[in-house]
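Please keep the sequence and the structure in view while reading.

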Amino acid sequence: MVQRVEPDPRVRAYVMPARIVWKSGDGESLQNADQLLVPGSGQVTIWGGNYCVLKHIGEAPGLLLDFGRELHGGVQIAVRHTGEGNKPVRVRVRFGESVSEAMNEPNQDHAVHDNICHLPWCGTHEVGNTGFRFVRIDLVDPGTQVELQQVRAVFLYRDLDYIGTFRSNDERLNTIFDTGAYGVHLNMQTGVWDGIKRDRLVWIGDMHPETTVISKIFGDQE
């Protein structure tokens, strides 16, 4: 018997980090961090190219990436080498809507925002299912190392046209409107959620303003 398969109505897209906000490590324990800002295909290669190298020598090396705006999804980490023996290495991956959140201990409410996961030799790993803008990555275990080829956000969203608009002579008010419309867009996931990071549930008290925005900005939607 063939199981029922439901297609995902959302688009899966990749977003490169816009900047490196913070990094920890000297020229030996953290090398070539800016390589993570160079666009690529996400395909791991064995020979050639430049890589961001993290080596746990004394203090754990790490860095904080800014993806430029709030997203929904996780990150894809492409790895070239993991040191002698080609064994998986452990990294800590923290998601935050702000720098301070990602740099500390984000809560684990509604989605896991603070992860310790294994990265493979010559492969990719994806982690995260939440709302975020910033991602911090730290090498966990002393004596380990990893060569990162690329870190991309995996952005999951509905591909919708913004057919409704608002403009005034107050640019701050225009920005507030655009931010609100985009916030509702992010919350159009399996249902119309209460918050892309907080709650991620359907609340009847929030449905009226959200469905009003959806009908005005995106038109008739299922």
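The model discussed here is predicted.

## A nonpolar patch

Phe166 sits in the loop that runs between β9 (145-157) and α2 (171-186). With a relative accessible area of 32%, Phe166 is partly exposed. Together with Leu173 and Ile176, Phe166 forms a nonpolar patch on the surface, and the accessible area of these residues together is about 260 Å².

## Cysteines

A disulfide is a covalent bond between the sulfur atoms of two cysteines. How many disulfides does a search of the whole structure find? The search finds 0.

The relative accessible area of Cys117 is 8%, so Cys117 is buried. Cys122, at 26%, is partly exposed.

## A buried charge

Glu70 belongs to strand β5, which covers residues 62-79. Is Glu70 buried or exposed? Glu70 is buried, yet has no salt bridge. The nearest side chain of opposite charge is that of Arg133, 7.3 Å away. A salt bridge would need a side-chain nitrogen of Lys or Arg within 4 Å of a carboxyl oxygen of Asp or Glu.

Leaving aside residues up to four places away in sequence, Glu70 touches Glu97, Gly131, Phe132, Arg133, Tyr182, Leu186 and Ile196.

How values were computed: Residues numbered from 1 in each chain as written. Predicted model: local features only at pLDDT ≥ 70, side-chain atom pairs only at ≥ 80, totals over all residues. Heavy atoms only, no water. Disulfide = S-S within 2.5 Å. Buried < 20%, exposed > 50% of the residue type's maximum accessible area, 1.4 Å probe, protein only. Patch = residues over 30% accessible without salt bridge, like charges linked within 9 Å, V, L, I, M, F, W, Y side chains within 5 Å. Areas by Shrake-Rupley, 256 points an atom, 1.4 Å probe, with all protein chains shown as cover. Helix = DSSP H or I, 4+ residues; strand = E, 2+ residues; numbered from the N terminus. Lys, Arg positive; Asp, Glu negative; His and termini not counted. Contact = heavy atoms within 4.5 Å.
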